[in-house]
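Morning, everyone. I'll take you through one model, starting from a strand and ending at a pocket. Please keep the sequence and the structure in view.

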Amino acid sequence: MGKLRISIVEFLNTAPLVWGFTDGPLAGKYDLSFAVPSKCADDLHAGLTDVGIIPAIEYQRMENVIALPGMAIAAKSEVRSILVVAKKPIEHVESFALDTNSRSSVGLARILCRKHWNIKPEFINMGPDPDEMLRRADAGLVIGDPALRLRLKVDALAAKILGDGDCCGGDSDDQPLKNVQTLFVYDVAQQWREMTGLPCVLAIWVARRGTITPEIVADFQASREYGLARIGEIAEGAALKLDLPPRELERYLADNIDFSLDEENLAGLNLYFQECASAGLIPRARPLEFADGPGVAEQNAAR
């Protein structure tokens, strides 16, 4: 048999989950590939990979798959890497650009529009270019490292304005987006928390049925533990690649991303599935089925 094929989202927030596979004691044991979230899901659905860290909503769109227990990309509060940016307050938005690289975040944005912001905009599928999104629409959904970069720029500009005591000054090159004088920024995970009181689960490990053993699950959990113990190292390496401040990246991984699928996160995920079904985004909300492995008993109890 060949190596197990693992598809990994190529954003910073997955790095701690796979650090043991990419830079640790499990390096070389599995066949790794990297792609945007939507492609990770499509490759798993097509049988091109055996396991993928995929947008959570895609579990409900696949048959003969199981989830790996105890692990996720989640946010207890604000996430800083899933943003809605808008040229006007969200309650006045009439057109909304959706990032085609996203699946779970698109579902979240549609649910928030429907149940939290009480708007019915025209949705436009677009590539992940915030400037172009806001050229064509009132608002846009931005995810992953591009969203984190934008959020850090917004935060830096806000700090500069506060420090200068000048609400309108500054070079136009400092503006987060081109040709947008007033930018409204909404953290999608924080908005979900305000609406539901629960965390937001963005991605989970999902495998084709029959490909996973308890020993493999243990490797995935060991990889996560290896990465969580090396957040500073991961941030330093990512800072060089992304040209972003390492301390900010470390804070993002340590404070904004939760890598567990604990009871609270599982409750948030199940509610998300129910809301997606109510909105017609998935056929139905079927219960999560977990692979056997360390911690599976706790997961089944939480269900």
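**A strand, some salt bridges and a pocket**

In strand β9, A139 is the bridge partner of A86. Before I build on that, two notes. This is a predicted model, where local features need pLDDT of at least 70, side-chain atom pairs count only at pLDDT 80 or more, and totals for chains, interfaces and linings use all residues. Residues are numbered from 1 along each chain as its sequence is written, and side-chain values use heavy atoms, with hydrogens and water left out.

Strands and helices here are DSSP runs, numbered from the N terminus: E for strands, at least two residues, and H or I for helices, at least four. Two strands pair if DSSP finds at least two bridges between them.

Back to β9. Strand β6, residues 82-86, runs antiparallel to β9, and five bridges join them. Strand β7, residues 95-99, pairs with β9 in the parallel sense, over two bridges. Here F96 stands opposite A139.

Is β9 buried or exposed? Buried means under 20% relative accessible area, exposed means over 50%, and partly exposed is in between, with a 1.4 Å probe and protein chains only. Five of the five residues of β9, 139-143, are buried, so the strand is largely enclosed by the rest of the structure. Both faces are covered. A139, L141 and I143 are buried on one side, G140 and V142 on the other.

Next, charges. How many salt bridges does the structure hold? There are 23. The criterion is a side-chain nitrogen of Lys or Arg within 4 Å of a carboxyl oxygen of Asp or Glu.

Take D262 and K76. Their side chains meet in a salt bridge, 2.8 Å from N to O. D262 sits in the loop between β12 (258-260) and α10 (263-278), and K76 in the loop between β5 (71-75) and β6, so this pair ties together parts 186 residues apart in sequence. D262 is partly exposed, at 30% relative accessible area. K76 is partly exposed too, at 26%.

Now E248 and R80. That salt bridge is 3.4 Å, N to O. E248 is in helix α9, residues 246-256, while R80 is in the loop between β5 and β6, 168 residues apart. E248 counts as partly exposed at 26%, whereas R80 is buried at 0%. Both belong to a network of salt bridges that links E78, R80, R151, D155, D187, E248 and R251.

One more pair: E264 and R193. Their closest N and O atoms are 3.0 Å apart. The partners sit in helix α10 and helix α6 (residues 188-196), 71 residues apart.

Last stop, the second largest pocket. A pocket, on a 1 Å grid over the protein atoms alone, is an open set of points where a 1.4 Å probe fits, with protein on both sides within 12 Å along at least five of seven lines; lining residues have an atom within 4 Å of a point. The volume of this one is about 310 Å³, taken as the space filled by probe spheres set on the points, which are joined across faces, edges and corners.

Which residues are closest to its centre? F11, L12, A15, W19 and K241, out of 17 lining residues. Helix α8 gives the largest share of the lining, five residues. β1 (5-9), α1 (15-22) and α8 (231-242) each supply at least two. By class, the lining has 11 nonpolar, three polar and three charged residues. Nonpolar covers Ala, Val, Leu, Ile, Met, Phe, Trp, Tyr, Cys and Pro; charged covers Asp, Glu, Lys and Arg; the others, Gly among them, are polar.
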